[in-house]
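Subject: Structure handover

Hello,

Here is the structure I said I would pass on. My notes on it follow below.

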Amino acid sequence: MAVEQPMRTPVTQSGDQTRIHNIGYRTYDGPRLGRSYATRSLYSQSLRGAYGLGRSVKSKVLPMLLFVVMCVPAAIMVAVAVATKANDLPLDYTRYAIVMQAVISLYIASQAPQSVSRDLRFKTVPLYFSRPIETADYVRAKFAALASALFILTAAPLLVLYVGALLAKLDFADQTKGFAQGLVSVALLSLLFAGIGLVIASVTPRRGFGIAAVIAVLTISYGAVSTLQAIAEVQNSSGAIAWIGLFSPVTLIDGVQSAFLGATSAFPGGVGPTNGEGAVYVLVTLGLIAAGYGLLMRRYKKVGL
Amino acid sequence: MIATESLSKRFPRVTALDRLSVDVGPGVTGLVGANGAGKSTLIKILLGLSPATEGRAEVLGLDVATKGAAIRERVGYMPEHDCLPPDVSATEFVVHMARMSGLPPAAARERTADTLRHVGLYEERYRPIGGYSTGMKQRVKLAQALVHDPQLVFLDEPTNGLDPVGRDEMLGLIRRIHTDFGISVLVTSHLLGELERTCDHVVVVDGGKLLRSSSTTDFTQTTTTLAIEVTDTDDHPDGTRAVRDALHARGVDVLDGSGGLPGAGHILLLTAQGDETYDLVRDVVADLGLGLVRMEQRRHHISEVFTDTEQGSEQSTEAQRKEAVGHGG
């Protein structure tokens, strides 16, 4: 055994300016705000994340760019309307999102996987579920966040149009009604697209697959439906046009708004669904949103820990 | 802290937990078992995330079946696997996790800074996690489990993938969680040797059954195994054999420490009865004129605990299980 050296006591140099205070471990006695607060925090974090806020510079580029691309045409239209002293805006509020659907699809395809695939891929999900929040809270927060992000993307250009229209001294009542109809339409569109995007993205932990799959579902369904509608138009079976429109998200929204929100339909021939058919459109839209939520719940019941 | 009563969890094909009854008090408790012994399943049930097939369990006096959310507010959990997104910094990540535990924004930031400092992350904490070493990642995982100042933390294999130095640091940190922070710990591992240095109490499970639950001193006090390695000389070309024979002549039984591994045949294991044994070995080796390369205390490995228990209790002798344990050790 080695001879024990007497322990040297650390010399305290009094009078020195530098001194290290070891404050040690401090316990936390403050409030614990529980489930609903945690859910709201997850919502705001996901919503900010959908525009790259709180993330790396690189991940801000695409969402911000798409946001600008969404708004620039609106600004140009306003400029044209003001300059030419037109009686009306060149494009209806309700038509704007339909015309810009490619940008919206790109946004949902890039941000839905960002929102959920990352948590799956890096296995962060168990950390959430080992905390007070439950599966339903997680799904609701993510769904609401992405739908809100989409709403911001689609409603912002409408706001630009509306403000511009008022500056151009267009009829106030007319414009306000159109703006309100446009907002309802993009709100429905946001919920529907967010649901579809999240369900697809939540199946794969690979972000690339998620992006490709969302784009594929949105564009292929729209392409197929508009092709079939065009064929139906040529064959003079215009009754079928409305029913075919039920099978893609964009035409679905188009049908709902031309039946109930005073929009002119983008369907071939410009004939939207009748009121009866329109009711089916609304039911299918709401059903799809509910199905998206249900599928997400089922998916996350399994992920757990 | 934790109490389970004939807790069982059956999946269609496997029984993960089989009537497990165990009581865990405050302090650092080790949960030891081979892979697939039911450790992670137990933690899931204790967090209230997976219902037990039968039996009941309480954590901090709360029933896991009905008070899951309340339990999860007061406990921390560090998973075994990677769980960190690479593109955010440790600070951002832990702040977010603190808010997920219900801490208000200001408190979440303050607690994050404190906790990261306590686990030993300083300037690095502002860099993205993707560039961290395994040891640093383990610290972030630990920090997110501690950030809301829980009363109890579950650490699932916290030393996985760490080098020996990292392992020692992590074990020291786990010890401090209880002594300095006042938080009780349930830590799982498949290495008993590692846990008995850190824990006050060790629970051994195998095949979902409780094999043993006792304080760590019981484990080490029963017997101390001594490992000896000696050099060979011209007089004794096989020094190991010479020592074994000499010790045998003096009435000390020597085990062969080889265990079938190449090179390990040079290590002799014997049971130390006290200080005399050390003196005896010293004298024997000196008399033979050999060099003593090592003489160290060997602590029990999980396999030995299993073998001891199996010898003691004859009820559990499934051939398959023995085999699994043999590989697990």
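This is a predicted model: local features need pLDDT of at least 70, side-chain atom pairs count only at pLDDT 80 or more; totals for chains, interfaces and linings use all residues.

B:Glu5 belongs to strand E1 of chain B. Leaving aside residues up to four places away in sequence, B:Glu5 touches B:Ser21, B:Gly55 and B:Arg56. B:Val22 is 17 residues from B:Glu5 along the chain, and the C-alpha atoms of the two are separated by 6.9 Å.

The four-stranded sheet

Strand E1 is part of an open sheet of four strands in chain B, ordered E2-E1-E4-E5, with antiparallel pairing. The edges are strand E2 (15-24) and strand E5 (62-63) of chain B; each has a single partner strand, so one side of each is left without a neighbour in the sheet. E5(B) runs antiparallel to strand E4 (residues 54-59) of chain B, and two bridges join them. In this pairing, B:Glu58 stands opposite B:Asp63. Helix H1 (residues 39-46) of chain B packs on the sheet and touches strand E1 (2-10), E2 and E4 of chain B. The direction of H1 makes about 115° with that of E1(B).

The six-stranded sheet

Chain B also has an open sheet of six strands, in the order E6-E7-E8-E3-E9-E10 and with mixed pairing. Here strand E6 (75-78) and strand E10 (209-215) of chain B are at the edges, and because each has a single partner strand, one side of each is left without a neighbour in the sheet. From one strand to the next, the twist averages 15°.

Within this sheet, strand E3 (residues 28-32) and strand E9 (residues 201-206) of chain B pair in the parallel sense over four bridges. B:Leu31 stands opposite B:Val203 in E9(B). Helix H6 (residues 164-179) of chain B packs on the sheet, where it touches E3, E7 and strand E8 (184-189) of chain B, and its direction makes about 155° with that of E8(B). Helix H5 (residues 134-146) of chain B lies across E6 and strand E7 (152-156) of chain B, at about 160° to E6(B).

Chain B as a whole

The secondary structure of chain B comes to twelve helices and 14 strands. Of its 329 residues, 41% are buried. Among contacts in chain B with a separation of 6 or more, 69% are between residues 24 or more positions apart.

Chain A

The unreviewed UniProt entry lists several spans of chain A as "transmembrane region", including residues 61-84 and 143-167. In the model, residues 61-84 of chain A are 100% helix and 0% strand, with the end C-alpha atoms 34 Å apart. Residues 143-167 of chain A are likewise 100% helix and 0% strand, and their end C-alpha atoms lie 36 Å apart.

Helix H2 (residues 57-84) of chain A has 28 residues. From its first C-alpha to its last, H2(A) reaches 40 Å, close to the 40 Å expected at 1.5 Å a residue. Its buried residues include A:Pro63, A:Leu66, A:Met70 and A:Ala74. The buried residues of H2(A) pack against helix H3 (93-99), helix H4 (101-121) and H6 of chain A. Just after H2(A), A:Lys85 takes a positive phi of about 50°.

Where the two chains meet

In the contact between the chains, 33 residues of chain B are in contact with 33 residues of chain A. Helix H2 (68-74), helix H3 (90-100) and helix H4 (105-118) of chain B each supply at least two residues of the side of chain B that touches chain A. H3(B) gives the most to that side, with five residues.

Nonpolar cores

The largest nonpolar core has 148 residues, and those with the most contacts inside it are A:Leu146, A:Leu161, B:Leu46, B:Val94 and B:Val153. Helix H6 (residues 135-167) of chain A contributes the largest share of this core, 16 residues. A second, separate core has 13 residues, among them B:Ala246, B:Ile267, B:Val281 and B:Val284.

Which residues does B:Leu46 touch, not counting residues up to four places away in sequence? They are B:Ile2, B:Ala57, B:Val59, B:Val64 and B:Phe154.

Regards

How values were computed:
Residues are numbered from 1 along each chain as its sequence is written. Chains are lettered from A and ligands numbered from 1 in the order in which they are written. A residue is buried if 20 or more other C-beta atoms lie within 10 Å of its own, exposed if 12 or fewer, and partly exposed in between; C-beta atoms are placed from the backbone. Two residues are in contact if their C-beta atoms, placed from the backbone, lie within 7 Å. UniProt positions are given in the numbering used here, feature names are shortened, and annotations may be inferred rather than shown by experiment. A nonpolar core is a set of buried Ala, Val, Leu, Ile, Met, Phe, Trp, Tyr and Cys residues joined through C-beta atoms within 7 Å. Two strands pair if DSSP finds at least two bridges between them. Axes are lines fitted to C-alpha atoms, for helices over the stretch in contact, and angles run from 0 to 180 degrees between N-to-C directions. The expected span of a helix is 1.5 Å times one less than its number of residues.
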